[in-house]
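Please keep the structure open alongside the text.

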Amino acid sequence: MDIEKQIKTELNLLNEENFNLIIWKSFDRLNEAFEGKTDIDFYLSNQSIDNLDLKLKELNWVKFKSEHWRNFIEVHDYFKFYFDNKKKEIKLIHFHIHEKIRTGDRFIKSLEIPAKFINSDLEYRNAFLTLNRMKEFELSIMRSAFKLKIIDYIMSLIRFDKQRLFIYQNETKSLYNFLSAEDIKNLELNLNFKLITYLSSESIMFTWACRRKIKNKYKKFKKYKPSILFYFKLISSKILIDGKYIKKGLHVSIVGVDGVGKSSSLENIYSTLGNQIRFKVIYFGIPKSIAGLRKKLFTLKNIFNKNKKTEYKTNSTLSNSKFKVLNDTVFSVLVTLIKILKFIQLKIFLFFGYIVFTDRYPIEDIVDFNPQWKSSKLLKLQFKTNNIFTKPQLFVLLTLNEDDLDSRNKDLNSRLLTQNKKIQLELINYFKKNNHLILDNMSCNFKSNEMKILEEMITKINSK
């Protein structure tokens, strides 16, 4: 089933329980919304948002808290992940639900549109309840007039780019062609100017005068003077990072042996979340730079030994043993310190409301255990540091059968291939024992598994 049909099905279920959600703007861009490129704006015409919120949770819609500069009175953010069976794609769809229709200024939505202004102008289009063409055009004209501020005129002058002053008029042009001649005539009489002239004009003074007339006509909908708050939110929007965040953050860890597809799945999940949600990926494996350093130290030692003549083989063996202990101790301590720093980074992101995915995560004696620990002189201290690594809210194990593991790790020698299978078996037993999520990541299951991870993520967020 494609995403549009899935959303229609859910809206029908809500309508059956008397939750009427009306698409009140940008119906012409609905296909972009189904692609996750823009949001869908609903107006809740009856019942309370609290009752609706309970029903939406059952349908796996997730309520998010926006950055303060995105927050508007009685407007609520929701997300949901949908799997498009036709395209074999996961899409993050973003919904705004308005208890009251708020529009106008970009950062404060100072216009409050009463229900009676739209209730008699509704129709079904493509099985969605929405405004008729005339009312949608009228609202678009209204919004475009209120969106432009003094700062836009100043910036267009500084940049020698007057086109920025006409972007909102251009958004409205696409709706003009759907109107009847009678609708256009009636609206032009109310506004006292030719609409097509206004929409097509590139005269700053003429369009400014037209906007003044539009603002005067709809000034009864304006609830407060927004000048200071508008510029405060404008500055905030430039400073703060884009993307929504959840209240307490969420830690999701994907583990598995080399070759099971952890990095590929994380890349796909990252592209799905896009810029809609504050999202970070932290790699908890052994850094390649540290592994490379250890190899270089052994290379230097071998070169040194070749140039040095030793009389007794036993002394040479003893020297090698001491060097290995020293090398392994330095290597293990460096790895431990790096992981502690990454754990601190993880906690900071969670505090600020990020969803954090970790590629690998320490599980004592199984994941990220390296042979050098056994030789480390600080082994006891390093094991104590494992106590700081608290379990993620969502732990996911990706697995493959033995043949696929071997084929995806052709560069490994037989000893490491055997070790890979042994570690995977230990991980499976650990995850079964602790009731964590196990997913077989065969090539045909990649997208399906990524969808399961996102659905589990939604469940964890909703349970907060």
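A nonpolar core is here a set of buried Ala, Val, Leu, Ile, Met, Phe, Trp, Tyr and Cys residues joined through side-chain atoms within 4.5 Å, where buried means under 20% relative accessible area. By that definition, the largest nonpolar core has 50 residues, and those with the most contacts inside it are F81, L273, I355, F357 and M457. The model is predicted, and the protein averages a pLDDT of 84, with 88% of the residues scoring at least 70.

**Confidence**

- Over residues 309-314 the pLDDT falls below 50, and in the model this stretch has one contact beyond near neighbours in sequence.

**Nonpolar cores**

- In soluble globular proteins, nonpolar side chains tend to be buried together.
- M457, one of the residues with the most contacts inside the largest core, touches F81, L250, V252, L273, I355, F357 and L394 when residues up to four places away in sequence are not counted.
- A second, separate core has 31 residues, among them F137, A145, C210 and I214.

**Helices**

- Helix α1 has 14 residues and reaches 20 Å from its first C-alpha to its last, close to the 20 Å expected at 1.5 Å a residue.
- The buried residues of α1 are I3, E4, Q6, I7, K8, E10, L11 and L14, and just after this helix N18 takes a positive phi of about 70°.
- In helix α3 (residues 49-58), the buried residues are I49, L52, D53, K55 and L56; they cover an arc of only 170° around the axis, which puts them on the same side of α3.
- On the other side of α3, the residues D50, L54 and E58 are exposed.
- The packing partners of the buried α3 residues are α1 (3-16), β1 (21-23), β2 (40-44), β3 (62-64), β4 (75-84) and β5 (89-98).
- Following α3 comes N60, whose phi is positive and near 70°.
- Helix α4 (residues 133-147) has 15 residues, which at 1.5 Å a residue should span 21 Å, and the distance of 21 Å between its end C-alpha atoms agrees with this.
- Because 14 of the 15 residues of α4 are buried, this helix is largely enclosed by the rest of the structure.

**Salt bridges**

- Side chains of opposite charge can pair when their charged atoms come close.
- The structure holds 22 salt bridges, one of which joins K25 to D41, with the closest N and O atoms 3.9 Å apart.
- K25 lies in the loop between β1 and α2 (30-34) and D41 in strand β2, so this pair ties together parts that are 16 residues apart in sequence.
- K25 is buried, at a relative accessible area of 16%, and D41 is buried as well, at 5%.
- K87 and E35 meet through their side chains in a salt bridge with an N to O distance of 2.7 Å; because K87 lies in the loop between β4 and β5 and E35 in the loop between α2 and β2, the pair ties together parts that are 52 residues apart in sequence.
- K87 counts as partly exposed at 44% relative accessibility, and E35 counts as partly exposed at 27%.
- R106 and D152 form a salt bridge through their side chains at 2.8 Å, N to O, and this pair links distant parts of the chain, with R106 in the loop between β6 (101-103) and β7 (111-113) and D152 in helix α5 (residues 150-159), 46 residues apart.
- At 23% relative accessibility R106 counts as partly exposed, whereas D152 counts as buried at 4%.
- Salt bridges that share partners join E35, K87, E89 and K91 into one network.

**A loop residue**

- N401 is found in the loop between β13 (394-399) and α16 (402-407), where this residue is partly exposed, with a relative accessible area of 36%.
- The C-alpha atoms of N401 and M442 are separated by 8.2 Å, although the two residues are 41 residues apart along the chain.

Notes:
Residues numbered from 1 in each chain as written. Predicted model: local features only at pLDDT ≥ 70, side-chain atom pairs only at ≥ 80, totals over all residues. Heavy atoms only, no water. Helix = DSSP H or I, 4+ residues; strand = E, 2+ residues; numbered from the N terminus. Expected span 1.5 Å × (residues − 1). Buried < 20%, exposed > 50% of the residue type's maximum accessible area, 1.4 Å probe, protein only. Arc of directions from axis to C-beta. Contact = heavy atoms within 4.5 Å. Salt bridge = Lys/Arg side-chain N within 4 Å of Asp/Glu carboxyl O. pLDDT = per-residue confidence, 0-100.
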